[in-house]
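Hello,

Here is the structure I promised to pass on to you.

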Amino acid sequence: MTQHDRLQRLQVLAQMIRDRDMARLQKLAQARTDTRDRAQRLLQTVPLAQDPTLFAARQLHAKWAQEQRIRLNRTLALQTARMIEQRDKTARSHGRADVLARLCRQKPR
């Protein structure tokens with residue numbers, strides 16, 4: 001097997017890794033967007049009620065919504081960190097695939 005053949009095989013492998021990393025990054029980005037949207041929906045305010053029972057129920061709901069936003073914000077922070085790590089991995093795998101593609105385009109010696 002020549003060096004050019006080995007480079008071509010490595011190029012195929014590098015492209016597969018790059019595609020896998022891109023898919024992972026897209027999946028993480030979508031999960032992060034979904035979490036952010038869920039947190040945003042919890043920010044909707046409801047007008048105050050004159051009825052004491054309804055007022056108490058709305059207060060309990062507001063407390064619950066606040067707790068959920070806190071939980072979702074923690075989740076969002078973890079998802080953001082994972083996405084940043086994956087973005088770095090994806091950049092490296094993209095660079096490797098690009099370099100191998102350039103080497104394969106050169107004339108074999």
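A word on terms before the tour: contact here means heavy atoms within 4.5 Å. This is a predicted model, so local features need pLDDT of at least 70 and side-chain atom pairs count only at pLDDT 80 or more, while totals for chains, interfaces and linings use all residues. Residues are numbered from 1 along each chain as its sequence is written, and side-chain values use heavy atoms, with hydrogens and water left out.

Let me start with Ala97. Setting aside neighbours within four places in sequence, Ala97 is in contact with Ala14, Gln15 and Arg18. Both Ala97 and Ala14 belong to the largest nonpolar core, which has 5 residues in all and also takes in Leu7, Leu100 and Cys104. Helix 1 and helix 2 (52-105) are the elements that give two or more residues to this core, and helix 2 gives the most, with 3 residues. By nonpolar core I mean a set of buried Ala, Val, Leu, Ile, Met, Phe, Trp, Tyr and Cys residues joined through side-chain atoms within 4.5 Å. Helices are DSSP runs of H or I with at least four residues, numbered from the N terminus. Buried stands for under 20% relative accessible area, exposed for over 50%, and partly exposed for what lies in between (1.4 Å probe, protein chains only).

Gln11 is also worth a look. This residue sits in helix 1 (residues 3-41) and touches Leu100, Ala101 and Cys104, not counting residues up to four places away in sequence. Gln11 counts as buried because its relative accessible area is 16%.

Further along, you will find Thr90 in helix 2. Apart from neighbours within four places in sequence, Thr90 is in contact with Asp21, Met22 and Leu25. Thr90 is buried, since its relative accessibility is 4%.

Now for the charges. How many salt bridges does the structure hold? There are 3 salt bridges, each being a side-chain nitrogen of Lys or Arg within 4 Å of a carboxyl oxygen of Asp or Glu.

- Arg18 and Asp19 meet through their side chains at 3.4 Å, N to O. Arg18 is partly exposed at 22% relative accessible area, and Asp19 is partly exposed at 45%.
- Arg20 pairs with Asp21 at 3.0 Å, N to O. Here Arg20 is partly exposed at 40% relative accessibility, whereas Asp21 is buried at 5%.
- Asp98 bridges to Arg102, with the closest N and O atoms 2.9 Å apart. Both lie in helix 2, 4 residues apart, about one turn of the helix. Asp98 is partly exposed, with a relative accessible area of 31%.

Leu10 lies in helix 1 and is partly exposed, with a relative accessible area of 43%.

The C-alpha atoms of Arg24 and Ala14 are separated by 15 Å, the two residues being 10 apart along the chain.

Best wishes
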